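Colleague: I am new to reading protein models, and I would like to know how the labels are decided. Could we go through some of them together?

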Amino acid sequence: MKQGKQGVYARYIKRILDILLSGCALVVLSPVLLIVAVLVRTKLGSPVIFCQERPGKDEKIFKMYKFRSMTDARDENGELLPDEVRLTHFGKVLRSTSLDELPELWNIWRGDMSVVGPRPLLVKYLPLYNAEQRHRHDVRPGLTGLAQVNGRNAISWEEKFRLDADYVRHITFAEDMKIMLATVGKVLRHENISSGNSATIEEFRGTPKEVGK
């Protein structure tokens, strides 16, 4: 995939909008953030915030923040229990409403992320991307993105990465507004939260060459 030169919106205006939107959201939603934090502390314990390293623009590693949605329950050997066991009903509610992702507004304000862009995935996936999939890191990762409003966890990894690549090629103000409005609808309808095969998304293990052509 040949990358074209980004326009004025993608290079300058998008970041200004990110600062304004995330700053306003942090102020307006501060009561919600406080309430969720108290509930997480009460129902799931400490720490309230889940912090994990993720690759951002140009594969630069940053710390992404979310409200924790799983317990630290372990087996008799001290190993963490499977995700579907540790993900409580309260945790499922946090995820289905996307309330667990509100702390990412801080990442957006800081410049680690954007409101719209490919979702930041695990660092361990970096060696598994093919040449086209790596272009998802040509831009800041997003709180929401084209893949999230077109199936989220209910579509294959290959389809997600294809949508990410399409977004990176065509970043416009109109497209970002369309994605943000679609995101609101998806969250309100609680659509495509899980893959249908597990409580959390399946691990990415790489794309077969014939699929990634």
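This is a predicted model: local features need pLDDT of at least 70, side-chain atom pairs count only at pLDDT 80 or more; totals for chains, interfaces and linings use all residues.

Colleague: Then what makes Glu59 count as partly exposed?

Modeller: Glu59 has a relative accessibility of 26%. You will find Glu59 in the loop between β1 and β2.

Colleague: What about Ser98, is this residue buried or exposed?

Modeller: Ser98 has a relative accessible area of 15%. The cut-off for buried is under 20%, so Ser98 is buried. Ser98 sits in the loop between α4 and α5, just after α4.

Colleague: And what is the phi of Ser98?

Modeller: The phi of Ser98 is near 65°, a positive value in a residue other than glycine. For Glu59, phi is also near 65°, again positive and again in a residue that is not glycine.

Colleague: Which peptide bond is cis, and what is its omega?

Modeller: The bond from Ser46 to Pro47 is cis, with omega near -5°. Pro47 lies in the loop between α2 and β1.

Colleague: Now a helix. How do you know that the span of α6 agrees with its number of residues?

Modeller: Helix α6 has 13 residues, 157-169. The expected span is 1.5 Å times one less than the number of residues, so α6 should span 18 Å. Its end C-alpha atoms are 19 Å apart, which agrees.

Colleague: Which elements do the buried residues of α6 pack against?

Modeller: They pack against α1, β3 and α7. Among the buried residues of α6 are Trp157, Phe161, Leu163 and Tyr167. In α4, the buried residues are Phe90, Gly91, Leu94 and Ser96, and what covers them includes α2 and α7.

Colleague: What makes a group of residues a nonpolar core?

Modeller: The residues must be buried, of nonpolar core types such as Val, Phe or Ile, and joined through side-chain atoms within 4.5 Å. The largest such core here has 28 residues, and Val40, Phe67, Tyr167, Ile171 and Ile179 have the most contacts inside it. Elements including α1, α2, β2 and α6 each supply at least two residues of this core. A second, separate core has seven residues, including Tyr125 and Phe204.

Notes
Residues are numbered from 1 along each chain as its sequence is written. Side-chain values use heavy atoms; hydrogens and water are left out. Helices (H or I, at least four residues) and strands (E, at least two) are DSSP runs, numbered from the N terminus. Buried means under 20% relative accessible area, exposed over 50%, partly exposed in between (1.4 Å probe, protein chains only). Contact means heavy atoms within 4.5 Å.
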